[in-house]
Amino acid sequence: MKITVIGTGYVGLVTGACLAEMGNHVLCLDLDPAKIRILEEGGIPIHEPGLLEIVQRNRTAGRLEFTTDIARSVAHGTIQFIAVGTPPDEDGSADLQYVIAAARNIGRLMTDYKVVVDKSTVPVGTADKVKAAITDELARRGMTDLKFAVCSNPEFLKEGAAVQDFARPDRVVIGADDEQAILLMRALYQPFIRNRDRMLVMDIRSAEFTKYAANAMLATRISFMNELSRLAERVGADIEAVRVGIGSDPRIGTHFLYAGTGYGGSCFPKDVKALARTAAEYGVPTQLLDAVEQVNDEQKLVLVNKVVKAYGEDLGGRTFAMWGLAFKPNTDDMREAPSRVIIEELLKRGARVQAYDPVAREEAQRVMQGPDWAGLSYAEHQKQALEGADALLIVTEWKEFRTPDFDTLRDCLKDKRVFDGRNLYEPELIRTFGIEYLAIGRP
Ligand SMILES: NC(=O)c1ccc[n+]([C@@H]2O[C@H](COP(=O)([O-])OP(=O)(O)OC[C@H]3O[C@@H](n4cnc5c(N)ncnc54)[C@H](O)[C@@H]3O)[C@@H](O)[C@H]2O)c1
Ligand SMILES: O=c1ccn([C@@H]2O[C@H](COP(=O)(O)OP(=O)(O)O[C@H]3O[C@H](CO)[C@@H](O)[C@H](O)[C@H]3O)[C@@H](O)[C@H]2O)c(=O)[nH]1
């Protein structure tokens with residue numbers, strides 16, 4: 001099939017590459033010429049395991065192309081995926097300007113039947129707005145006879161595992177009210193789904209809502225465990241033992257129960273806010289969602305509070321090593337990363353921070369620049385970050401941090417102290433090396 005994907009962020013690029021892999025002819029549009037240049041030169045503008053190989057393979061085969069030419073992109077695909085950003089507006093609601101701009105471009109230039117698919121995460125009711133924008137543009141052209149359908153097809157991939165998530169989805173959700181569109185979408189996703197039950201076709205509003213419900217549920221689990229971790233510390237329980245203890249109940253399940261430095265990334269923070277905002281618009285109170293967000297904001301400060309408890313409010317003259325900057329491993333994404341809040345708080349109190357991350361350094365330098373960040377420097381490797389530091393903070397659970405040389409760790413750190421925001425080590429073990437170990441919710 002001929003597919004156009006609008007937006008080459010994580011979702012657009014993974015969608016385009018995986019659909020091309022199944023033999024579709026995919027044209028990806030982005031208005032950012034720098035991104036398209038990188039893609040046309042055979043690279044990718046993000047760090048995502050396995051993605052480069054698929055992009056290169058399908059580009060070489062001529063099934064995956066990139067452009068900044070809007071007219072070409074509208075002409076190309078019968079199916080037009082909108083996968084542009086939906087960042088939070090000032091009031092927390094999803095900013096739909098990019099989605100609507102993409103829809104208007106389609107309405108302005110289309111000359112035959114199109115299935116317009118909202119792949120971006122968008123509030124309930126957005127498909128109606130997309131439909132209205134296209135209808136409006138067609139009316140301007142006097143071409144209201146041209147047929148099109150709008151579907152909701154939210155994306156559930158996780159960064160760092162995006163290719164696998166797209167290629168082997170738990171489920172594909174399709175919200176649609178047009179028979180032809182449903183047939184085309186089923187055919188498109190069939191190769192990715194062995195079990196037909198995993199293709200969930202529903203009404204458009206329910207599909208739009210499902211995306212927010214999933215993210216809000218996952219964020220709730222994390223905030224719940226983070227809140228419990230604070231209590232565990234007080235009562236002398238170990239949140240890691242508790243996690244295993246409750247996770248073995250299949251009604252609870254083992255995933256997304258890890259206490260840490262709070263959830264970050266481009267989705268949970270903005271989607272929890274946007275859902276609460278939608279509820280507010282409808283006059284429905286959201287005590288639970290509001291608490292999820294509040295607990296998360298506090299959790300981003302938990303490591304800083306432990307540092308302040310150990311060293312006092314004035315951190316002048318102190319140097320802290322930091323392992324991990326990205327909001328999670330296997331990505332260079334720094335959006336809403338807890339590291340940003342933690343570094344800001346440490347610098348504000350006069351400390352210096354020496355940070356190391358296997359891939360996110362460049363992105364970190366981009367988002368944390370200027371005089372406010374003067375106390376932040378970057379190390380080339382784990383050990384270099386430790387040199388001259390008083391203590392270590394672990395913020396992202398990269399695999400390479402899991403089994404360090406504890407002797408080196410102890411000898412490098414002046415105070416032989418580790419603040420672990422990801423509970424990577426067994427407290428009994430690390431303490432036998434003479435290291436003071438402060439983790440999340442662990443005695
Ligand atoms: N990042 C994720 O893991 C993830 C997962 C599931 C869903 N989502 C959702 O998918 C959407 C996209 O997220 P992302 O992280 O891939 O986005 P992103 O911000 O990384 O990229 C969006 C891209 O769209 C481009 N763009 C904006 N307007 C355009 C237009 N009119 N025409 C063409 N290109 C345009 C931008 O230049 C940018 O490159 C969001 O709604 C997000 O919530 C993201
Ligand atoms: O037990 C856990 C699991 C995750 N996290 C944190 O939660 C955040 C989000 O992690 P994850 O969900 O793995 O990454 P994302 O790429 O943000 O993916 C989420 O957001 C996407 C965008 O909507 C959805 O498509 C995915 O299904 C959803 O998992 C990160 O800061 C993690 O450190 C925890 O603190 N504890």
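Two strands pair if DSSP finds at least two bridges between them. Keep that in mind for the close-ups below, which come from a predicted model.

**View 1. Strands β5 and β6 sit side by side in the parallel sense.** β5 covers residues 114–118, and five bridges link it to β6. Look for Val-116: its bridge partner in β6 is Val-150. To get from β5 to β6, the chain passes through helix α6 (residues 126–140), making a right-handed β-α-β crossover.

**View 2. Strand β6 is mostly covered.** This strand runs over residues 148–152, and five of its five residues are buried. In a regular strand the side chains alternate between the two faces of the sheet. Here, Phe-148, Val-150 and Ser-152 point one way, while Ala-149 and Cys-151 point the other way.

**View 3. The largest nonpolar core has 125 residues.** Val-14, Ile-82, Val-116 and Leu-392 have the most contacts inside this core. Helix α9 (residues 204–235) gives the most to it, nine residues. Zoom in on Leu-392 and, leaving aside residues up to four places away in sequence, you'll find it touching Ala-321, Trp-323, Leu-386, Leu-409, Leu-413, Val-418 and Phe-419.

**View 4. Ligand 2 has 21 residues around it.** The ones that come nearest are Glu-159, Tyr-258, Tyr-263, Gly-265 and Cys-267. Helix α9 turns up again, with three residues, the largest share of this shell. α11 (268–281) supplies at least two. Sort the shell by class and you get eleven nonpolar, five polar and five charged residues.

Notes:
Residues are numbered from 1 along each chain as its sequence is written. Chains are lettered from A and ligands numbered from 1 in the order in which they are written. This is a predicted model: local features need pLDDT of at least 70, side-chain atom pairs count only at pLDDT 80 or more; totals for chains, interfaces and linings use all residues. A residue is buried if 20 or more other C-beta atoms lie within 10 Å of its own, exposed if 12 or fewer, and partly exposed in between; C-beta atoms are placed from the backbone. Helices (H or I, at least four residues) and strands (E, at least two) are DSSP runs, numbered from the N terminus. A crossover is right-handed if, with the strands pointing away from the viewer, the path from the first strand over the helix to the second runs clockwise. A nonpolar core is a set of buried Ala, Val, Leu, Ile, Met, Phe, Trp, Tyr and Cys residues joined through C-beta atoms within 7 Å. Two residues are in contact if their C-beta atoms, placed from the backbone, lie within 7 Å. A residue is near a molecule or strand if its C-beta atom, placed from the backbone, lies within 6 Å of it. Ala, Val, Leu, Ile, Met, Phe, Trp, Tyr, Cys and Pro count as nonpolar, Asp, Glu, Lys and Arg as charged, and the others, Gly among them, as polar.
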